Amino acid sequence: MHPSLEHLQKILKNEISLGYANKSIIGGLPKMLSFWEPNARRNGLDASLIETIAAQLKAYPELPPAERPAAVEALLSVIAQAEARPAEPAPAPAPAPARPAPPLEPEMPPPPPSETRAALPAAQPAPEVRREAERPAPPSTPAPPKRVEAAPPASASREVAPPPLTASAAPPPPPRPAPAYRPVRRPPGDDGAPRSRPARGPTVQALKADTPVDAAAGIDSPLTVLNGIGPERQAVYAKLGIETLRDLLLYFPRRYDNYSAMKPINRLEYGEECSVIGTVAEAHARRIRGGQATLLKVILSDATGQLEISFFNQPWLADKLKPGRQIVVSGRIDQYLGRPTIVPDEWEDLDQELLNTGRIVPVYRLTNGLTQRAVRKVTQQVVKFWARRQADPLPAEMVRRAELLTYGEALAQIHFPDSQEQLDAARHRLAFDELLLLQLGALRQRRDWQTASAAPLAAPDDWLAAFVGALPYTLTGAQQRALGDIRADLGKATPMNRLLQGDVGSGKTAVAAAAMAIAIRAGAQAALMAPTSILAEQHYRTLLNLLSAGPGQVPPEAVRLLQGSTPAAEKVDIYAGLRSGAIQVVVGTHALLEVPVEFARLGLAVVDEQHRFGVAQRASLRSKGGTEDGAPRSPHLLVMTATPIPRSLALTLYGDLDLSVLDEMPPGRQPIETHLLPSSERERGYAFIRSQVQKGRQAFIIFPLVEESEKIDAKAAVAEHERLQTEVFRDLRLGLLHGRMKPEEKEAVMARFRAGEDHILVSTSVVEVGVDVPNATVMLVEGANRFGLAQLHQFRGRVGRGPHPSTCLLVSDAAGAQADERLRAMEQSQDGFFLAQKDLDLRGPGDFLGTRQAGFAGFAMARLSDLRTVEKARREAQWLFERDPNLQAPELKPLAENLAKFWTAGSGDVS
Ligand code: ADP
Ligand code: MG
């Protein structure tokens, strides 16, 4: 076949498989003419044929979608006819003389194949792998370089990007002449959702176009069906949890590198997450911290400048990173004495091929024995043959209405995006799916709970008034209103399911205590579950106080504390007491969910800091209601959170809950003075802490988040604790708290701090919630710019809880107006809701909640701050739920299965 016609045919087939969306060429089909036409001429294709084809291609984008299939069909038959004729002469009176075709030139335009997939040779290139029928052709001009944003929500900070860079040609990074760097700004208000795009039907044609590596292999086949994967490799992938082709398909990139848009060193911004290409200029390893650690410093250079790279405790890299080696490093840019530095998250050898293709390249999380290259190759095979044949679990009507990519297309684009737009669209689609499952589950749960029965728990007016009157303070108006809501719920025979939301220090515990008192008074038992043992102990002490006063009169021995570390004998005793009903109140951690915990008559279950728990855990506590006349009986449920989220988001996120808000603070709160300190003035912060300790007060120092990994954070905190103890506060006692410690260790540390034995507590973000040490008056947060405002607000809430004026010091290691503006908001406001909104405004799509707070393990894509998608998913979930609440239609079976998986996989973070 004539190469130009063959090329055209490929593109048309691809267009078919893409659902006639005019997407088989970036920028639309007519764009291909700029390279196809000259090539076709050069290769001697008949001129009138070229004209016919050109005219049809040019008209294509304007055609209504319904007419496009016919147009493509027409073009294909033009090709078929041309081929059916003798090679020459041309049918029409061709002005071009028939001449022997010159040696065939490749159809590709000068820049090499722009398709990432094409640039990645298969491990053992099977002939099938090379059949690129479904592959979009390269664009006529290289696509403008774009910033590529990380996919997973964990890296939302990437989108907290520093102010946009000025658009100008940048000096080229070596070793190739770089294209001008032109950052692409998203339109204002864009939250990462795609612009409207047509939905696509099932890509039947794509199936035909693909020939699987092993045609018989189903998506649940083991990886060994792939080229280049034997048992050994299989074992390596298994370490990442990848056993089947499906697992691999669902193993989404951590982030992406855009080789055409990497920044030269002199344009790096502090605080920015990015990848940098350069040549190793020098590398020196030395011992630090008294020989206990090694530091390898590498100077990376490009034509524009030098970047200092620090590798901690990886001395062997010195042998690898020899001068002259070209590498790509990724991580967050920092500065030291005004010079750019980086402690890289990862590095890899520069892949010349990727650089040249200048495409968006996926970067996967790796394990020992794997390279990015290898994973890309393997993933490419799977994506190519299996992604687009995945049936869409969503009803076509919904996909269309919600303007989503089809599932298969989203899977393909999430791995090897054709453009930033396609990547955004793929993320949007996959995020939508997750949020839909969240909503469907919430709706289902709400329905189930409403059909369950509960024991009505009533308390007389005068009794309640006496109880409230005996509290050590007068309830605020907001507390009274919330208690009113709760009391009304408790009086009903359907179980309460209420979220009590209130800023840090708004007094949620008192409301919970009153609710528990009502339950006890009505003859039921009450349980309170907290996410950490530190918090559980604290609540236990508070409830002992509040419940034993006034007409509550719960005897102390009827209030017990149950946690994982409770001695076995005591546990047995508590189990028995709960079963007999002798224990009226139990406070605890997850230990409350264990099987032996059974209640005689659990009337009310309270969950504090509920965002730390999975929905499944909530449900599990709820299932402890026992039975009444053989029928299961549900306790009333009150969940509490200080996470300041806008009401609309709360309703969406906790779609199964009713909402009460404490929007008023108890009187007489001392405002916490908040100051922003640049890191160069950190010493002033230390001096202030010292002065407070001299006055008998205590302080927290929060170590910055290093990574979304507790292990690494813990390590860093240990090092920082040691530094502070040996270099800064030699004469003071410093405690250390991090998430990797055992509960008993944590408790012991907290107990020492609470008792005033330690002056300063160095901690990772584990003290974030609930901790109450009234004598602590200083909260110093290192790397404050790395935390969301909501989280900083939580930290700040750890001080100012006693009679002493308190101070919060925010040490920022980022330069830049935006980081400052965010932190200035902390100086100006103490209102958590205001700050959450501010965070949302300033960080844009940044996930100010963090996935953790949703209580789900399973969010790979969704960002709760993306209100548009959240609300869209909520609408669609309701639509579906009204039609088929149990997802019984046969075509919804896959969705029903996903739903089941999503909800069993969900389990909260319990750091
Ligand atoms: P949070 O809502 O953050 O859980 P807490 O329940 O821990 O807040 O309450 C914070 C502090 O405020 C506690 O020391 C508590 O005793 C006190 N408190 C609660 N309600 C009132 C009130 N109405 N008046 C004065 N102090 C109150
Ligand atoms: Mg609390």
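Modeller: In this predicted model, a pocket is an open set of grid points where a 1.4 Å probe fits, with protein on both sides within 12 Å along at least five of seven lines. The second largest pocket has a volume of about 1,200 Å³.

Biologist: How is the lining of the second largest pocket divided by class?

Modeller: The lining has 14 nonpolar, 19 polar and eleven charged residues. Gly counts as polar in this division, whereas Asp and Arg count as charged.

Biologist: Why is helix 26 called largely enclosed by the rest of the structure?

Modeller: Buried means under 20% relative accessible area. Eight of the eight residues of helix 26 are buried, and therefore the helix is described as largely enclosed. Among them are Leu789, His793 and Arg796.

Biologist: Why does Glu720 count as buried?

Modeller: The cut-off for buried is under 20% relative accessible area. Glu720 has 11% relative accessibility, so it counts as buried. This residue is found in helix 24 (residues 710-728).

Biologist: Which residues does Glu720 touch, not counting those up to four places away in sequence?

Modeller: Contact requires heavy atoms within 4.5 Å. On that basis, Glu720 touches Tyr686 and Phe703. The C-alpha atoms of Glu720 and Phe703 are separated by 7.6 Å, and the two residues are 17 apart along the chain.

Biologist: What makes strand 18 and strand 20 the edges of their sheet?

Modeller: The sheet is open, with six strands in the order 18-23-22-19-21-20 and parallel pairing. Strand 18 (672-678) and strand 20 (734-737) each have a single partner strand, so one side of each is left without a neighbour in the sheet. Neighbouring strands are turned by 20° against each other on average, direction ignored.

Biologist: Which helix lies across strand 19 and strand 21?

Modeller: Helix 23 (residues 682-694) lies across both, as well as across strands 18, 22 and 23, and runs at about 165° to strand 22.

Definitions and conventions
Residues are numbered from 1 along each chain as its sequence is written. Chains are lettered from A and ligands numbered from 1 in the order in which they are written. This is a predicted model: local features need pLDDT of at least 70, side-chain atom pairs count only at pLDDT 80 or more; totals for chains, interfaces and linings use all residues. Side-chain values use heavy atoms; hydrogens and water are left out. On a 1 Å grid over the protein atoms alone, a cavity is a set of points where a 1.4 Å probe fits but cannot get out, and a pocket is an open set with protein on both sides within 12 Å along at least five of seven lines; lining residues have an atom within 4 Å of a point. Grid points are joined across faces, edges and corners, and a volume is the space filled by probe spheres set on the points. Helices (H or I, at least four residues) and strands (E, at least two) are DSSP runs, numbered from the N terminus. Buried means under 20% relative accessible area, exposed over 50%, partly exposed in between (1.4 Å probe, protein chains only). Two strands pair if DSSP finds at least two bridges between them. Axes are lines fitted to C-alpha atoms, for helices over the stretch in contact, and angles run from 0 to 180 degrees between N-to-C directions.
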